[in-house]
Amino acid sequence: VDKAAEPITLVDGKPGRPPKDRILLTKLHLFQVLFEFTNREMECFSLMFLLSGEEAFSYKTIERAYSDPIVAMILHNLFVLSAGEPRKVDSSADGTGIGLLISKHYRKDREQDLKEEKDSSKRKEYLFTVAILDLDTNLYIGYAAGFKSEKELFKEALDMARKAGFEFDSMRLDKYYAYQSIFRCVGRQTKVIVIPKKNATIRGPKEWKQLITRLITAPFAFLAEYFKRVHSEYNFSKDKRKFGSISQRLHERIITAAFSRVTLHNFSSDYMKG
C-alpha cells in the first residue's frame, strides 16, 4: 500500500504524498473486506493501531473514505502492482454480478431472467464486473466494475491491462462476445477463442474466418482451449463465497469496495505466495 501511494504527488491542490491517514484507511479497507467487518467492528479494530503509534478512526470516517478519490487511486495502483510485471499472457475474460443484498443471488436471478426474457442489467441489486484472468498465474490483470453494460466494462478492463503493459497471446470469451468485430476490440494479433452463435456467418475479417476454420477442422482441440474459461467462473465463484455481498450503498463506495476484493484475490493467490 505504501508503494502504491508513492506515485500520487498531488493531494488537495498541494504537492507531496497523500496524508498518512489515507494510507492507513486503505489498509483498514482491505482488512474490512478480508474479514467482512462492519464499520463499527472496524472502528474497534482500528484502535489496535494506537498501540503502534498510528491513528484510530471512527466508523463514519471509515465509511466516508470509500468515497475518497485518493483512497480509490491507491487501490487502483495497488491492483496494478498485484498483477505483476507486464508480460504476454494467455487469458480468459468474463463478467458477473456481485450481490448488494444478501437475499439476492446473481446466477439464480439470471437463469430466471433467461426464462422470462428479462434483462438483469436493469436490476439495481447487483454491481456488474468484468475481470481478465492470466491463466498461467491465476492473477487478474484487468478489471472494471460499475452499473454499465458488460461490453463497456470489458473495454475498460482491456484498457487497464494495456496501460499496465500487458499483451494478449490468446483470450477466451463466452458467447456474449461472439461477434465479428471483437477482433478490433481485443486486437488482431490476439488469438480469440469463442464459440460462434447459432446464426453466425463466415462474413467478417480474416481472423473470424480463421476461428471458424479451427472450430470445424479441430473441434476437440478448439473446445479444450475454450473450456479453460472455467478458471474465470471458478474464481468468480470462489471470491463471492469468500467475501460475501457488498454492504456499501453509494455507487462510488460500492466500486471502491469491489477493487479491494479483486486486489485481495491477487495477493492471496498461490503465485504471489510462491
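Reader: Is R188 buried, partly exposed or exposed, and at what relative accessibility?

Author: This is a predicted model, in which local features need pLDDT of at least 70, side-chain atom pairs count only at pLDDT 80 or more, and totals for chains, interfaces and linings use all residues. Residues are numbered from 1 along each chain as its sequence is written, and side-chain values use heavy atoms, with hydrogens and water left out. Buried means under 20% relative accessible area, exposed over 50%, and partly exposed in between (1.4 Å probe, protein chains only). R188 is therefore partly exposed, at 43%.

Reader: With which residue does R188 form a salt bridge?

Author: A salt bridge is a side-chain nitrogen of Lys or Arg within 4 Å of a carboxyl oxygen of Asp or Glu. For R188 the closest N and O atoms are 2.9 Å apart, and the partner is E207.

Reader: What relative accessible area does E207 have?

Author: E207 falls in the buried class. Its relative accessible area is 12%.

Reader: How far apart are the closest N and O atoms of R87 and D134?

Author: R87 counts as partly exposed, at 21% relative accessibility. D134 counts as buried, at 2%. The two residues form a salt bridge, and their closest N and O atoms are 3.0 Å apart.

Reader: Which residues are linked with R229 in a network of salt bridges?

Author: R229 is buried, at 7% relative accessibility. Its side chain meets that of E233 in a salt bridge of 3.0 Å, N to O. The network links R229 with D94, D174 and E233.
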